[in-house]
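Thank you all for coming this morning. I would like to walk you through one model, looking at how its side chains pack and pair, so please have a look at it before I go on.

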Amino acid sequence: MRHRLSSIVVSLVVLVGALVWSHTVSGPIAVASVQQPAAAGSDRFVAADPLKDYTFVAPTGGIKQPLRLLVALHGMGGNGADMATMLKPLAQQQGWAILAPSMPYRDYRDPDLVRRDGELLPRLKALIDALPGRTGLTFQSQVLLFGFSRGSQEGIRFSLMYPEFTLGVAGLSAGSYTLPATTFANAGTGQQALMYPYGTADVDTICGRAFDAAATQKVAYWIGVGGADTNPQDVPHQWDQYIGSTRLERAQRYVEILQTFGARASLEVFPGTGHEVSDPMRDDAVKFLATLTTAAAS
């Protein structure tokens with residue numbers, strides 16, 4: 001069986017230029033010039049009400065607390081209930097609780113609105129923090145994140161804003177990625193800030209916290225993608241010159257970027273698979289997350 005979750009990619013504008021991004025990265029990485037979002041100011045999203053629409057599934061049988069929480073994030077057109085249904089059998093085997101919010105994503109074609117979707121991440125964190133009071137259960141401090149397509153992007157972005165609360169991310173088939181970097185060097189204008197959602201220079205305006213590179217390097221990442229997910233028309237082209245022109249290329253390149261940055265990251269390509277969540281993709285993602293919980297327990 002294949003679980004098909006709708007995904008629509010972000011369409012943004014490319015400005016040509018040769019850049020190098022950096023933070024605590026060992027060695028330069030060439031990237032392309034991008035149109036920066038509007039400057040921070042009135043768009044501060046720190047105050048956050050918990051997301052309202054979500055599905056929560058507690059493990060059955062003898063519940064050993066504190067529970068490990070698996071946060072499942074859908075793509076464009078998806079919903080939390082379907083994600084919870086897809087992951088429930090495997091999560092029950094591991095004894096994990098599932099939190100699967102329905103994310104009210106904005107217009108993916110407008111870079112400023114994509115930036116404004118950053119406000120969903122403090123709201124997700126507020127929902128996670130509210131779960132003990134709402135469920136009567138206790139949870140371990142670090143969550144697991146599973147995301148598909150747009151949900152994969154947001155899961156990775158959550159880990160960049162809240163790395164100490166993230167044990168690991170299993171991200172499938174993202175169309176774009178936020179680089180773990182606060183600056184880039186432009187040959188014409190010199191060092192410039194790499195603004196969210198392209199980088200992490202100003203994530204404090206969204207979550208109230210500056211990017212913590214050392215904490216992010218402790219997060220484990222597994223990036224999965226279909227070997228046939230190669231249509232250049234499915235991805236926003238302002239990322240082309242520094243991370244590739246298809247989801248497959250971008251997954252490969254982002255893993256290299258994470259590894260150069262200093263985080264634990266691995267890539268798995270699923271031959272013959274397009275933009276979907278197949279059973280092998282789901283199963284291998286959960287296996288990866290399970291290795292993290294086993295290591296943490298020991």
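This is a predicted model: local features need pLDDT of at least 70, side-chain atom pairs count only at pLDDT 80 or more; totals for chains, interfaces and linings use all residues.

**Charged pairs and nonpolar cores**

Let me begin with arginine 157, which is buried, with a relative accessible area of 1%, where buried means under 20% relative accessible area, exposed means over 50%, and partly exposed lies in between, using a 1.4 Å probe and protein chains only. Residues are numbered from 1 along each chain as its sequence is written, and side-chain values use heavy atoms, with hydrogens and water left out.

Which residue does arginine 157 pair with in a salt bridge? The partner is glutamate 154, and the closest N and O atoms are 2.8 Å apart; a salt bridge here is a side-chain nitrogen of Lys or Arg within 4 Å of a carboxyl oxygen of Asp or Glu. Glutamate 154 is also buried, at 0% relative accessible area.

A second pair joins glutamate 164 and arginine 209, at 2.5 Å from N to O. Glutamate 164 lies in the loop between H4 and strand E8 (166-172), and arginine 209 in the loop between H5 and helix H6 (213-216), so this pair ties together parts that are 45 residues apart in sequence. Glutamate 164 is partly exposed at 33% relative accessibility, and arginine 209 is partly exposed at 26%.

The structure holds 14 salt bridges in total.

Turning to the nonpolar side chains, the largest core has 53 residues, and those with the most contacts inside it are Leu69 and Tyr221. Such a core is a set of buried Ala, Val, Leu, Ile, Met, Phe, Trp, Tyr and Cys residues joined through side-chain atoms within 4.5 Å. Among the elements that give two or more residues to this core are strand E5 (69-73), helix H4 (150-161) and helix H8 (247-261), and the largest share, seven residues, comes from H8.

Leaving aside neighbours within four places in sequence, tyrosine 221 is in contact with residues including Ile156, Leu160, Leu258 and Phe288, where contact means heavy atoms within 4.5 Å.

Technical notes. Helices (H or I, at least four residues) and strands (E, at least two) are DSSP runs, numbered from the N terminus.
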